[in-house]
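Here's a quick briefing to read with the model open in your viewer. Have a look at the fold before you go on.

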Amino acid sequence: MDHVTTQPTALHYLELTQLAAHIRTRQISPVEVVQAQLDRIATMDGSLGSYALVTADIALSQAEAAEAEIATGRYRGPLHGIPIAVKDLFWTKGIPTAAGMPIHQDNHPTEDATVVRRLKEGGAVLLGKLQLTEGAYSDHHPLITAPKNPWNTDFWPGISSSGPGSATAAGLCYGALASDTGGSIRWPSAANGVTGLKPSWGRVSRHGVFELAASLDHVGPMARSAEDIATLLAAIAGGDPKDPTAITDPVPDYVAAVGQGIRGVRIGVDPEWNSADVDPAIQRALLDALEVFRSLGAQIAEVAFPDVQQAVADWYPICAVEAAVAHQATYPAHKSEYGPVLASVIEAGSALSGIDYQKLLLRRLTFRGSVCTFFNTVDLLLTPVHPFAPLSLDAIQTLGEQPELIARLQRYTCPFNLTGNPTITLPGGFTESGLPIGFQLVSAHLDEAMLLRAGAAFQSATSWHRCHPLA
């Protein structure tokens, strides 16, 4: 598709918080917005394939209910009447949840995932379920057509939250729920030019979320701005009796955090790690971002981040063991219905010995401790999301045959799934061919508020997040 930038005044490209203000003051009707979104999905998504399922009747019914409530003064808050979509691994009561797997196409959950329920309680409208890789691993099932990148359909839209990234960028929803096990919020956010947040592990409940690797899976939002992300995170974060691993610490006021600025905030940069085998275009975007943060009053410090090489190597076998556990009910009993990539990771996990797995866990604990100590010295760490510009689909199709390329791709993402640290991905520029470039900020555990402060400050001084691929 042609590279076109659009001003954010177009209805479908309003930021979630902008739309919320119009709905609250009844300048725009939720029904009008939802119908416009459904029309746009019908027109655009045939070529993008971001939706696995569009719930048009449900969305219109919810929009009508929201409009009636708002008209009688029962405004629930900034998500009331806002059309969103969720990755198709979140349970939705009575609506199929397939997790990118034909084997689950008739799976109708009897309850909503906790995060879906919380969005509904805030008045959000569900447009549908967004496509993903098989079981949220690295490749789409052979029977499923992968979503396309709306900036250029010949290029990678990211994995496994490819549907959320594509739909949010193309103006087919105002925000999305996604998951990240090794980079799957951050890669699509960067590749599609949107904002994404991977919270601390446990900050958001995983109840009702199809599992890939329990101790690595993170649930988080994707949207157009840090302020939008703060609104979504405020709705979904917090303890959950149905998920004993969900952290019960009080949820900060994320929306208030976005206006606090970053004067005096310490941002660490590891020049060697950020430049080793990193494309010049990515390095330029990082340097430009640093200058913006410096101009906003942040203190920039050169640091040496703990070596990640072993952590990157250890991510795969840890993920493989946990995936084998997650799929015990259907694998190997239905092995023939699995795609080759997901099947291979399950086989690898099943073959690992207990002793070798314990060695992995001990190394993970050591790495996690060293990263925790690191954040005693800085508030934020700035890194690439991946070290190269978005890859073509032809290049991605050979990914499984290039272990060194996989290691490069994961270098800046999977370490923070192992440690559980929160990260935010921000649009930060474009390649010469017009493809988005994103960068990543990382903070200490449970300091999502710091990430949102920094993200909002950066976006107040730049307009990368307001560039859009389609009219």
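This is a predicted model: local features need pLDDT of at least 70, side-chain atom pairs count only at pLDDT 80 or more; totals for chains, interfaces and linings use all residues.

Residues are numbered from 1 along each chain as its sequence is written, and side-chain values use heavy atoms, with hydrogens and water left out. Helices (H or I, at least four residues) and strands (E, at least two) are DSSP runs, numbered from the N terminus.

**Nonpolar cores**

- As a rule, nonpolar side chains in soluble globular proteins tend to be buried together.
- A nonpolar core here is a set of buried Ala, Val, Leu, Ile, Met, Phe, Trp, Tyr and Cys residues joined through side-chain atoms within 4.5 Å; buried means under 20% relative accessible area, exposed over 50%, and partly exposed in between (1.4 Å probe, protein chains only).
- The largest nonpolar core takes in 106 residues, and Phe-90, Phe-293, Leu-382 and Leu-441 have the most contacts inside it.
- Apart from that one lies another core, of 18 residues, including Leu-38, Ala-59, Leu-127 and Cys-173.
- What does Leu-441 touch, leaving aside neighbours within four places in sequence? Its contacts (heavy atoms within 4.5 Å) are Phe-293, Leu-380, Leu-381, Leu-382, Pro-422, Thr-423, Ile-424, Leu-426, Leu-451 and Ala-454.

**Second largest pocket**

- A pocket is worked out on a 1 Å grid over the protein atoms alone: an open set of points where a 1.4 Å probe fits, with protein on both sides within 12 Å along at least five of seven lines, and lining residues have an atom within 4 Å of a point.
- The second largest pocket holds about 300 Å³ of space, with volume taken as the space filled by probe spheres set on the points, which are joined across faces, edges and corners.
- Its lining has 15 residues, and Trp-273, Asp-307, Val-308, Gln-309 and Arg-411 lie nearest the centre.
- Helix 9 (271-275), helix 11 (309-326) and helix 15 (403-410) each supply at least two lining residues, with helix 15 giving the largest share, three residues.
- By type, the lining splits into eight nonpolar, one polar and six charged residues. Ala, Val, Leu, Ile, Met, Phe, Trp, Tyr, Cys and Pro count as nonpolar, Asp, Glu, Lys and Arg as charged, and the others, Gly among them, as polar.

**Salt bridges**

- There are 13 salt bridges in the structure, each a side-chain nitrogen of Lys or Arg within 4 Å of a carboxyl oxygen of Asp or Glu.
- Lys-242 pairs with Glu-111, and their closest N and O atoms are 2.9 Å apart. This pair links distant parts of the chain, 131 residues apart: Lys-242 is in the loop between helix 7 (226-236) and helix 8 (254-257), Glu-111 in the loop between strand 2 (83-87) and helix 4 (114-121).
- Asp-379 and Arg-266 meet at 3.1 Å, N to O. Asp-379 is in the loop between helix 13 (354-374) and strand 9 (380-384) and Arg-266 is in strand 7 (residues 266-269), so the bridge ties together parts 113 residues apart in sequence.
- Lys-335 bridges to Glu-347, with the closest N and O atoms 3.2 Å apart. Both ends are partly exposed, Lys-335 at 44% relative accessibility and Glu-347 at 35%.
- Asp-277, Arg-408 and Arg-411 are linked in a salt-bridge network.

- For background, most residues other than glycine have a negative phi, and most peptide bonds are trans.
- Asp-277 has a positive phi of about 60° and lies in the loop between helix 9 and helix 10 (280-295).
- Ala-99 has a positive phi near 55°; it sits in the loop between strand 2 and helix 4 and is buried at 0% relative accessible area.
- Which peptide bond next to Ser-160 is cis? The one from Ile-159 to Ser-160, with omega near -15°.
- Thr-133, buried at 0% relative accessibility, has Ala-99, Ile-159 and Ser-160 among its contacts.
- A cis peptide bond also joins Tyr-331 and Pro-332, with omega about 15°, and Pro-332 is in the loop between helix 11 and helix 12.
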